[in-house]
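This briefing covers aromatic ring pairs and charges placed over rings. The structure comes first, then the notes.

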Amino acid sequence: KKSDGFGLPCGVAGLVAVAKSSAGPVANVRAVSAQHFDSALVAAPVLDLATRAETPFRGEAPVRNLRAIAGVYREALYLISRRSAGIGGIADLKDMRVSVGPIGSGTREAALPVLAVHSLGRRTVQLFEYETAVAVDLMLRGQLDALFMVDALPSAEIASLAGRGAIDIVPLDDEDVQQLVRPGANFQQIEIPDGLYRFIPQTRTLGISMIWVVNENVDAELIYRITETLFYPGNRQLLSGSDLAGLLPGEEGEAERFAIASLPVPLHEGAARYYAARGLVDPGPPAPGPAPERP
């Protein structure tokens, strides 16, 4: 419920949420579309593929009934290479052994477009679909040259690898990558600061919005109240503290703008009302008024 005016955290009165684990973003899309889940978090590239019924949704009907509340945080797409592999850029992956993540994972669906814009695929790169832990182990043993990983910025796992001096983080910022970061695209350019990871200089890579989605049939008033609460000032420290790096990205006052920057699906009616009241989206046509009385 609303706080008492002292800037304390608040929630939606009467709303109780239960968190459930899932098989990943592809499963999340299907579950919310079928109304098995009330809401879920889905990486923007996966959501985009669902709306177009492209792999991994090929053969299914395009998903048209999902709506967005907000992009609630961003993760980084890392291309990590064995330091001894000498990989300085994407072009160096030719003929290399590279893991893109398992089928159905957000990592795989983020990595494949990056390879595609560089005209790299199974004919030019030895691609594998390992889970992250397996890929890391194989890379450290010299049986894999590089791997893609979607993780927080900063990432505890990458910090551990970098601390050993065993890896490089390959920049994703060349001219071809710019095709993926145009306005409204599913990726944004983000920067890994110098010194964030040991032995890793300042490096530009790609950020991926994680979209909070619901079914279009969810009550609009409830979604309005959820959206309003998400951005309530007293909740900012709770939702964007040091333990939750990247949640509600952007400085104070910018969070709403970042939240709607990369949405492959329309805003839910209730969420759109919230953003429209702040001048961030078109409020849409006015609601129809009462029918005129007959003379």
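A charge sits over a ring if NZ of Lys or CZ of Arg is within 6 Å of the ring centre and within 35 degrees of the ring normal. The model is predicted: local features need pLDDT of at least 70, side-chain atom pairs count only at pLDDT 80 or more, and totals for chains, interfaces and linings use all residues. Residues are numbered from 1 along each chain as its sequence is written, and side-chain values use heavy atoms, with hydrogens and water left out.

**Charges over rings**
- R257 places its charged end over the ring of F258, 4.9 Å from the ring centre.
- The ring of Y224 has the charged end of R273 over it, 4.4 Å from its centre.

**Aromatic pairs**
- Six aromatic pairs are found in a search of the whole structure; rings of Phe, Tyr and Trp (its six-membered ring) pair if their centres lie within 6.5 Å, and planes under 30 degrees apart count as stacked, over 60 as edge-to-face and the rest as tilted.
- F128 and Y130 make a stacked pair, with 5.4 Å between centres and 5° between planes.
- F231 and Y275 pair edge-to-face, at 6.0 Å centre to centre and 70° between the planes.
- F231 is in the loop between α6 (220-230) and α7 (236-239) and Y275 is in helix α9 (residues 269-277), so this pair ties together parts 44 residues apart in sequence; helices are DSSP runs (H or I, at least four residues), numbered from the N terminus.
- Y224, F231, Y274 and Y275 are linked into a cluster by ring pairs.

**Accessibility**
- Buried means under 20% relative accessible area, exposed over 50%, and partly exposed in between (1.4 Å probe, protein chains only).
- F231 counts as buried at 11%, and Y275 counts as buried at 0%.
- F128 is partly exposed at 27%, and Y130 is partly exposed at 28%.

How values were computed: Helix = DSSP H or I, 4+ residues; strand = E, 2+ residues; numbered from the N terminus.
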